[in-house]
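Please look over the sequence and the structure below.

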Amino acid sequence: MRVKICGITQPEQSIAIASLGATALGFICVPTSPRYVTIEQIQAAIAQLPRNIDIIGVFANTSITNISQTVLASGLTGVQLHGDESPAFCHQLRQSLPQVEIIKAMRVRSLEHLQTAANYTKNVDTLLLDAYHPQQLGGTGKTLDWQMLEDFSPTCPWFLAGGLTPDNIIDALNQLHPNGIDLSSGVELSPGNKNLDKVALLFARLKSV
Ligand SMILES: O=C(O)c1ccccc1N[C@@H]1O[C@H](COP(=O)(O)O)[C@@H](O)[C@H]1O
């Protein structure tokens, strides 16, 4: 299973988290986020990483030009679209960045909204389900209604996100079978400053799955 730890801001934490077992690291490229990082910060954070770690940039409601320039300048291997991007936007982005993994995040509001995920599967590599918050785009620590996701079975791989912690991850994975999980505020001391003890506890608990 893929494990993505998101909202990294410090180079030494990148290396430590990759060593603990993360398969992907996420960098927030949304300027309004307290976890926002510049291209230079991403470059510094990934410079010493092994090449098998996926480097995902998180964007929301920005232009294809901005995403493409950031990807090319920073060395991202994937893009997570966390805003209101349409299937057509994802299709266009794929034409611009054919070698880059495209992850579409759905901030799930209802069962009806969840069903719209099917509109994206032809144009993205991976879906990611996060909880909806009326004021914040992500990193909210809010969990989804996992029961609502029990029949979710898209034709592409998917990540479970939203309020995951070392304390609830086993319950989540007993109930659901995503291809990957994504954690941010549930393994933090403060926004952008990861709690390495919590990250280690997460991977220790995942060994039992
Ligand atoms: O973390 C942020 O600040 C953020 C800002 C804008 C868009 C997405 C953001 N984070 C993403 O939110 C989910 C869930 O986070 P959490 O585990 O509930 O704290 C995760 O995919 C982050 O990539």
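Is alanine 131 buried or exposed? In this predicted model, alanine 131 has a relative accessible area of 4%. A residue counts as buried under 20%, so alanine 131 is buried. To find alanine 131 in the structure, look in strand E6.

Strand E6 (126-131) and strand E1 (2-6) are the elements that give two or more residues to the shell around the ligand. The ligand itself sits in the largest pocket. There are 22 residues around the ligand, and those that come nearest are Cys6, Ser33, Gly139, Asp182 and Ser185. By type, the shell consists of 11 polar, seven nonpolar and four charged residues.

Next come the polar atoms. The side chain of arginine 35 has an N or O atom 2.8 Å from an oxygen atom of the ligand. For glutamine 80, the distance from a side-chain N or O atom to an oxygen atom of the ligand is 3.3 Å. With glycine 139 the backbone takes part: one of its polar backbone atoms is 2.8 Å from an oxygen atom of the ligand. As for cover, the ligand on its own has 520 Å² of accessible area, and the protein covers 98% of it.

How values were computed: Residues numbered from 1 in each chain as written. Predicted model: local features only at pLDDT ≥ 70, side-chain atom pairs only at ≥ 80, totals over all residues. Heavy atoms only, no water. Near = heavy atom within 4 Å. Polar contact = N/O pair within 3.5 Å; in protein donor to acceptor, adjacent residues only side chain to side chain. Areas by Shrake-Rupley, 256 points an atom, 1.4 Å probe, with all protein chains shown as cover. 1 Å grid on protein atoms, 1.4 Å probe; cavity = no way out; pocket = protein on both sides within 12 Å on 5 of 7 lines; lining within 4 Å. Sits in = over half its atoms within 2 Å of the grid points. Helix = DSSP H or I, 4+ residues; strand = E, 2+ residues; numbered from the N terminus. Nonpolar A, V, L, I, M, F, W, Y, C, P; charged D, E, K, R; others polar. Buried < 20%, exposed > 50% of the residue type's maximum accessible area, 1.4 Å probe, protein only.
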